[in-house]
Amino acid sequence: MADRNSKPSVKKKEKKVDNKEKEKAKEAKAKEPTVKKTDKVAKTPEKAAEQPVATAEGEKKNGDNGGAAGAEGNNKEENGEFQPIELPPFEIVKGEQMSQFYFKFQFRNVEYSSGRNKTLLCFRVDTEGGSTEPLKGYMEDEHATAHAEEAFFQQVLPDSTSTQAYDVTWYVSSSPCVACAAKLTNILRQRKKLSLRIFCSRLFEWEEPEIVEGLKALASAGCKLRMMKPADFLLVWDTYVDKEEESFVPWEDCQENYNYYMEKLADILK
């Protein structure tokens with residue numbers, strides 16, 4: 001009996017051992033998911049840390065698209081696939097009236113014309129006998145690259161073979177440069193029925209010998225060169241300026257500067 005009783009006890013012990021091992025196995029399995037979850041939690045911040053880097057790289061790529069396109073464009077230009085856009089050397093603006101600002105700034109007859117890089121030309125064209133209404137308007141250009149004086153005979157009076165007599169009067173912000181003086185001299189010699197008077201607000205580089213020779217040649221070809229006096233500025237204001245009922249008040253040194261330039265022009269043409 002003792003032996004029988006002892007066997008079950010052994011089995012019970014074995015069962016207890018088995019149960020303990022099963023419990024340990026369960027605990028081990030229970031711990032494994034916990035570790036996996038911990039791994040996932042640990043990986044999550046790594047992905048979150050990587051995400052801004054990827055975004056930043058994406059932003060850089062987006063920002064570099066223009067540069068990349070520019071580089072591709074440069075490569076294509078070097079390969080001859082793209083041709084550079086050819087722009088005109090200058091643009092002449094033509095109209096009936098100019099702004100007050102253009103007149104007051106560009107036409108002011110100061111001795112030193114720094115920053116005044118436009119040539120403004122107001123014109124009046126009368127035909128012989130006054131058979132038609134006078135043609136009036138103004139033209140402007142960038143003085144460094146364009147020449148309103150030449151453009152006038154291209155756009156306003158282009159017909160060099162016309163036998164019609166024209167009496168042309170100009171009021172210009174600056175006297176002609178060397179190239180324009182030479183071209184105007186040739187035009188006057190070719191078109192015998194053309195009369196040209198030029199009233200200048202300022203003298204352009206009047207101390208340069210080539211300018212002096214150009215103005216002398218222009219005068220000898222029949223052009224009447226004059227300086228604008230205060231009354232001429234008033235005429236231009238009334239006729240060619242969008243004044244909006246505002247009256248013209250000559251600047252303080254208008255008369256003084258006119259006298260100064262008159263002496264210089266007289267010395268050139270004597």
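Axes are lines fitted to C-alpha atoms, for helices over the stretch in contact, and the angle between two of them is taken between N-to-C directions. The exercises below apply this to a predicted model.

**Exercise 1.** Describe how helix 4 and helix 5 pack, and state which residues meet.

*Solution.* Two packed helices are described by the angle between their axes and the distance between the axes. For helix 4 (residues 148-155) and helix 5, the angle is about 35°, and the axes lie 9 Å apart. Turning to the residues, Glu-149, Glu-150 and Phe-153 of helix 4 meet Cys-180, Lys-183, Leu-184 and Ile-187 of helix 5. The residues of this contact divide into four nonpolar and three charged, with no polar ones.

**Exercise 2.** Decide whether helix 5 and helix 6 are roughly parallel or roughly antiparallel, and describe their contact.

*Solution.* The axes of helix 5 (residues 178-190) and helix 6 (residues 209-220) come within 9 Å and cross at roughly 15°. Angles under 35 degrees count as roughly parallel, and therefore helix 5 and helix 6 are roughly parallel to each other. The crossing of these two helices is left-handed. On the side of helix 5, Val-178, Ala-181, Leu-184, Thr-185, Leu-188 and Arg-189 take part, and they meet Glu-210, Ile-211, Gly-214, Ala-217, Leu-218 and Ser-220 in helix 6. Sorted by kind, the residues of this contact are seven nonpolar, three polar and two charged.

**Exercise 3.** Give the volume of the largest pocket and describe its lining.

*Solution.* The volume of the largest pocket is about 220 Å³. Its lining is formed by 13 residues, and those nearest the centre of the pocket are Glu-111, Leu-203, Phe-204, Glu-205 and Trp-206. The lining as a whole divides into six nonpolar, two polar and five charged residues.

Terms used. Residues numbered from 1 in each chain as written. Predicted model: local features only at pLDDT ≥ 70, side-chain atom pairs only at ≥ 80, totals over all residues. Heavy atoms only, no water. Axes fitted to C-alpha atoms, helices over the stretch in contact; angles between N-to-C directions. Helix = DSSP H or I, 4+ residues; strand = E, 2+ residues; numbered from the N terminus. Parallel < 35°, antiparallel > 145°, perpendicular 65-115°, else oblique. Left-handed = near helix turned anticlockwise from the far one by under 90°. Contact = heavy atoms within 4.5 Å. Nonpolar A, V, L, I, M, F, W, Y, C, P; charged D, E, K, R; others polar. 1 Å grid on protein atoms, 1.4 Å probe; cavity = no way out; pocket = protein on both sides within 12 Å on 5 of 7 lines; lining within 4 Å. Points joined across faces, edges and corners; volume = space filled by probe spheres on them.
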